[in-house]
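Let's take a walk through a protein structure together, one step at a time.

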Amino acid sequence: MKKKLIPIISGLVFGLVVAVIIFADISPGSKTKTAASNSTTTTSNGDAEKVYVPLGKKDDYYLMASGGHSGQLFVYGVPSMRLIRTVPIFSPDSATGYGYDAASKKMLGGYTWGDFHHPALSETNGDYDGKYLFATDVANSRAAVMDLKTFTTKDIIKVPNTSGPHCAAFVTPNTEYLFLPTRFATPLGQKYASLDNYSKDYYGVMSALTFDKKNEKLNIAYQVALPPWSYDLSDAGKKSSDGWGVITTYNTEEATTTMEINASQADRDYIVLFNWKELAQEVKDGKYTNVDGQKMIFPEKENQGIYLVPVAKSPHGVDVTPDGKYFIASGKLAPAMTVFSFEKAFKAIKDKDFSGERNGIPVLNYKSVMEREVNPENALGPLHTQFDNKGFAYTTMFISSEIVKWNYKTGEVVDRVPVQYSPGHAAAAEGDTASPDGHWLVSLNKLAKDNFLSVGPSHPETMQLIDLDGPKMRVIDTVPANPEPHYAQMIKADKIHTINVYPEDKNNKDAVYKTTDTRIVRNGNTVDVYGIAMRSRFVFDSKAKRPDTIEVNQGDHVRIHLTNIDRDEDITHGFAINNYDLNMEVQPGETKTLDFVADKAGTFPLYCTNFCSALHQEMNGYFLVKPNN
Amino acid sequence: MVNLNGKKLSIISTLSLIGSSILIGVSLLFPWWELFLYAPQYPEGLDIIVYTNKLRGKLDIINTLNHYIGMSDFSEKSFPELSYLIYLIAGLAILTLIVAILRKKSFLYMLIGIFVIGGIIGVFDLYHWLHTFGTDLDPKAPLRIKPFVPPVIGKNRFANFTTYSYLGKGAYLIIVAFLLTLIPLWKDRKQ
């Protein structure tokens, strides 16, 4: 009996050992949870309630997030963090027909993409006024303005002499100016010049734009030929520092290659501190040089109102505190935030307390302007700072992947919360204005990694909602975002007053508001169609045998003016011509024009692309192009 | 002045008739009849507001929707009454005032008669239009629904719409004005 048991037991033991070796995962990796679940973030049911906005209720804030190299604006609601709408600004958008209809096509100027970094809401007395939003395009050096009544782009301006207005737009407290400093230095007019002559021939041109509200047009007031450095973030002074602006700059080494190394050599770079009221006065006094029609200020010639403040190397953010007394620079490669005092800077300027000059621009003594350095233990890569209503600053730490809450008057670090992962900017509720609201902070994270269901190698970005109301910051929601919000601004929803239906415009010669006024007018080779869209038909000529047919000759210049006469909330009509690569949308009461040459002969169905009604599928007609000869 | 033949109306009756006349006049400032339409897509509701001389409300939207069921367009032009009704009502107010001044009972009977006949004609007219619009539908309409007649007052359903018809403030003022003309009948019943 015993003898029989031995082989049985030894067999079982052997089998068990083999099974453990083959199947059991005893590597240390098996204990690793997903990285995101390693975070110290805790959740509770209360958090879910805070972000839940049921049907019938609306969010408290709009979050206007730049869309980076999508060239679009992403409009989110806070606290629900729902994406409400994507608004095309610098890139064409087939869904809305932006870049297809005549007006928006002209505005885009032939460019097919943009790199929208920084939104800037218009301000009155240093507070968002909910009227307009400005945008800058790093890719093609453009600036745009969007009307917040309709959330549509009204004007785009191409800014010459400058290449990559990254750090802008930033507006002055009463939207007097929109400043566009530039990331890349180039020769004026972007003419050819050898990189060997970089320091001599290249400039980092900053532009001062003004906005003509009446005509909804952007204009360039003047430009400043700053040294050939890279200008990064910027902010406008407010209250006691109104009239001043601050810009961080790096590559003061004037490196022309392998910037990663060569632009990171000097221990100190600078903050450009400038007085835009003085600059405006200089321009008024004629102290500028005309460069291809632009009023260009050369600081080495007109040495007024521009100063340099030494700062820890390669800074990113510079943010003016809500009281307007300080500006905070973030070290990017240094572990610290530096608080500078405007008051001390003004005194140093008055006393000519300079340590030297660069390119004719006086350099202030660091010690004379610096208020304090704040260095949270082991925090790395401070990028950008926002504020609440209780005197706290919130700084994103890109490298140590966290938000640090600190008191900018005492330098005391109050709280820290990890975010997933690597925050670039953050946006607090009205957090860059003269009167922040507190309550919420959205961390705009650059990496999503394992936060969401995988869609393969391309990952979304991540936005995280942080509750600021308690004594400790709490990450309470994590949502994906399309590439790539760089900066966002959060504005109280009740400041924005939109319209649902475009009012009748009696002066618009392209508009027709009655079916009986529709007509097709031929003038030589030009055919103007004055048509309407309504549920569920197009009428181009009410007297025609087939009112929804347009017939032209090959080679005709065709202008289809279409008015949506369904003046009813959310009744949008689309208008597409099959196989003619044309599409647009007309909102209730709106008139838009498709302007093209009918170069292809044939029969092309036209149809409504935006589902409008039960008979949407029947909302179509024909575009007939008679062949030549 | 002594009322010898006993046929003059009392002071209270006269005041009551003056009040009636004023209310009739004031009623012209208010809507007489209102129709509200609700649908899943129109939770905020669409409305037709009828004054004695004009139509208000979201008529354009209602007309756009109505063409799907082949209903004719609502507009001020489709109702000839709107061009003269205001004068008839103003005339009634003046007539009531005259009766109040003349204080003759026979005239009062006449006035009440006009009120009653006018009221019946009015309600019938409204019903006639509701019937016409609800039943005289274009046979070529994309959506063929059973003809229907919304009630003068009350709730109705057709297609995805629920409608509520109400009398407007103007109509209530007229009802009160009518009641005021009845006060003299009771007040001066022994004379």
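**A tour of two chains**

Chain A has 8 helices and 43 strands in its secondary structure. Before going further, keep in mind that this is a predicted model. Along its principal axes, the C-alpha atoms of chain A fill a box of roughly 105 × 95 × 50 Å. Chain A has 629 residues, and 48% of them are buried. Now think about contacts in chain A between residues with a separation of 6 or more: 60% of these contacts link residues 24 or more positions apart.

How is chain A divided into domains? Domain 1 covers residues 61-495, and domain 2 covers residues 515-626. Between the C-alpha centres of these two domains of chain A there is a distance of 43 Å. Where the domains touch, domain 1 of chain A gives 6 residues to the contact and domain 2 of chain A gives 8 residues. On the domain 1 side, the residues in this contact are 2 nonpolar, 3 polar and 1 charged.

Next, let's look at some details of the backbone. Most residues other than glycine have a negative phi, and most peptide bonds are trans.

Start with the loop between β16 (289-291) and β17 (294-297) of chain A, where you will find D292(A). This residue is not a glycine, yet the phi of D292(A) is positive, near 50 degrees. Is D292(A) buried or exposed? D292(A) counts as exposed because it has 10 C-beta neighbours inside 10 Å, and the cut-off for exposed is 12 or fewer.

K352(A) sits in another loop, the one between α7 (342-350) and β22 (354-358) of chain A. Here too a residue other than glycine has a positive phi, with a value near 50 degrees for K352(A). K352(A) is exposed because 8 other C-beta atoms lie within 10 Å.

Now for the peptide bonds. Which two residues does the cis peptide bond with E484(A) join? The bond joins P483(A) and E484(A), and its omega is about -5 degrees. You can find E484(A) in the loop between β32 (474-481) and β33 (488-492) of chain A. A cis peptide bond also joins R535(A) and S536(A), with omega about -5 degrees. S536(A) belongs to the loop between β35 (526-534) and β36 (537-539) of chain A.

Let's cross over to chain B. Where the two chains meet, chain A supplies 6 residues and chain B supplies 4 residues. The chain B side of this contact consists of 2 nonpolar, 1 polar and 1 charged residues.

The crossing of α3(B) and α4(B) is left-handed. Residues in this contact include L92(B), L95(B) and V99(B) from α3(B), together with F107(B), L111(B) and I114(B) from α4(B). By class, the contact of α3(B) with α4(B) has 8 nonpolar, 1 polar and 2 charged residues.

Helix α4(B) also packs against helix α5 (residues 169-187) of chain B, with axes that come within 10 Å and cross at roughly 150 degrees. That angle makes α4(B) roughly antiparallel to α5(B). Their crossing is left-handed. From α4(B), the contact is made by L108(B), L111(B), I112(B) and F115(B), and from α5(B) by F178(B), T181(B) and P184(B). The residues of this contact of α4(B) with α5(B) are 6 nonpolar, 1 polar and no charged.

Our last stop pairs α5(B) with helix α1 (residues 11-27) of chain B. The axes of α1(B) and α5(B) come within 8 Å and cross at roughly 165 degrees, and α1(B) and α5(B) are therefore roughly antiparallel to each other. The crossing of α1(B) and α5(B) is left-handed. Among the residues that meet here are L17(B), G19(B) and L23(B) in α1(B), and L173(B), A177(B) and L180(B) in α5(B). This contact of α1(B) with α5(B) divides into 12 nonpolar, 7 polar and 1 charged residues.

Note on methods:
Residues are numbered from 1 along each chain as its sequence is written. Chains are lettered from A and ligands numbered from 1 in the order in which they are written. This is a predicted model: local features need pLDDT of at least 70, side-chain atom pairs count only at pLDDT 80 or more; totals for chains, interfaces and linings use all residues. Two residues are in contact if their C-beta atoms, placed from the backbone, lie within 7 Å. Ala, Val, Leu, Ile, Met, Phe, Trp, Tyr, Cys and Pro count as nonpolar, Asp, Glu, Lys and Arg as charged, and the others, Gly among them, as polar. A crossing is left-handed if the near helix is turned anticlockwise from the far one by less than a right angle, and right-handed if clockwise. Helices (H or I, at least four residues) and strands (E, at least two) are DSSP runs, numbered from the N terminus. Domain bounds come from an automatic or database domain assignment. Axes are lines fitted to C-alpha atoms, for helices over the stretch in contact, and angles run from 0 to 180 degrees between N-to-C directions. Angles under 35 degrees count as roughly parallel, over 145 as roughly antiparallel, 65 to 115 as roughly perpendicular and the rest as oblique. A residue is buried if 20 or more other C-beta atoms lie within 10 Å of its own, exposed if 12 or fewer, and partly exposed in between; C-beta atoms are placed from the backbone.
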